[in-house]
Amino acid sequence: MNTIKRFFATDPRSWSLLFVRVALGIVILPHGMQKALGSFGGYGFAGTIQAFHEHMGLPVFLIVLVILAEFVGSLGVIVGFATRFMALSIFINFLGAMILGGHVGNGFFMNFTETQKGEGMEFFILILGMALALVVDGAGRYSIDSALHKRMK
C-alpha cells in the first residue's frame, strides 16, 4: 500500500472513530474560532499573534501554526479530511499548550473550585488521547478520507 493510500486508510464502518472525530472537532473549533476570527471573546488572528508574541515570546510562524491547528485542524477533523495530519496538528498544539502553558505544574484537575493557581492537565489528556486515536486509526465512518481511500482502490 503506498504512502498516500495509507494516509487516508481507515475503517469505513467505525462508529467510534466518527464519534471521537466529531467530539474532538467540536471541542477544539471554538478555540480556533477565538484565535482566527475573534469569536467567543477571542482576539482574532492579528490580536492572537500580538498577544502570544508579547506575553509568551512565541515566534509569529509558530503562532500562525497554532491558529491553523485549532481552526483548520478542527474543521478537517470534523469532516474527516486529512484526519491523521489534522489530529496530529491538534495533538502537537495541545501538548505544547499543556507544557508551555504551565498546566503540568498545576496538577491534574481542572480548576472548577478556583482553589488552585490555574487549570491542571485533565482536559489536555482527553484531547491528546482523542487526537492520538485518530492519528493511529484514521477518520472512520462518514469521512472524506474514507471516500478518498475507497476511490484509490
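Leaving out residues up to four places away in sequence, S146 touches F8, T10, P12 and G140, where a contact means heavy atoms within 4.5 Å. S146 itself sits in helix α7, residues 144–151. With a relative accessibility of 13%, S146 counts as buried; the cut-offs are under 20% relative accessible area for buried, over 50% for exposed and partly exposed in between, using a 1.4 Å probe and protein chains only.

The model is a predicted one, so to speak of local features takes a pLDDT of at least 70 and side-chain atom pairs count only at pLDDT 80 or more, while totals for chains, interfaces and linings use all residues. Residues are numbered from 1 along each chain as its sequence is written, and side-chain values use heavy atoms, with hydrogens and water left out.

Now for the overall layout. The chain has seven helices and zero strands, so its elements read α-α-α-α-α-α-α from the N terminus on; helices (H or I, at least four residues) and strands (E, at least two) are DSSP runs, numbered from the N terminus. The C-alpha trace spans about 50 × 30 × 25 Å along its principal axes. The radius of gyration is 17 Å, which agrees with the value near 15 Å that a compact globule of 153 residues would have; this radius is taken over C-alpha atoms, and the globule rule is 2.2 Å times the number of residues to the power 0.38. Buried residues make up 40% of the 153 residues. Of the contacts between residues at least 6 apart in sequence, 63% join residues at least 24 apart.

The largest has 17 residues, and L24, V77, I90 and F94 have the most contacts inside it. Two or more residues each come from α2 (15–37), α5 (83–100) and α6 (122–137), with α5 giving the largest share, six residues. A second, separate core has eight residues, including A36, F52, V66 and I67. As for V77, its contacts beyond the neighbours within four places in sequence are R21, L24, G25, M86, A87, I90 and L134.

Helix α2 also pairs up with helix α4 (residues 60–79): their axes come within 7 Å and cross at roughly 145°. Axes here are lines fitted to C-alpha atoms, for helices over the stretch in contact, and angles run from 0 to 180 degrees between N-to-C directions. The residues of this contact divide into 15 nonpolar, four polar and three charged; Ala, Val, Leu, Ile, Met, Phe, Trp, Tyr, Cys and Pro count as nonpolar, Asp, Glu, Lys and Arg as charged, and the others, Gly among them, as polar.

At 9% relative accessibility, A82 counts as buried. Y142 has a positive phi of about 55°, again without being a glycine, and belongs to the loop between α6 and α7. Y142 counts as exposed, at 59% relative accessibility.

Conventions
A nonpolar core is a set of buried Ala, Val, Leu, Ile, Met, Phe, Trp, Tyr and Cys residues joined through side-chain atoms within 4.5 Å.
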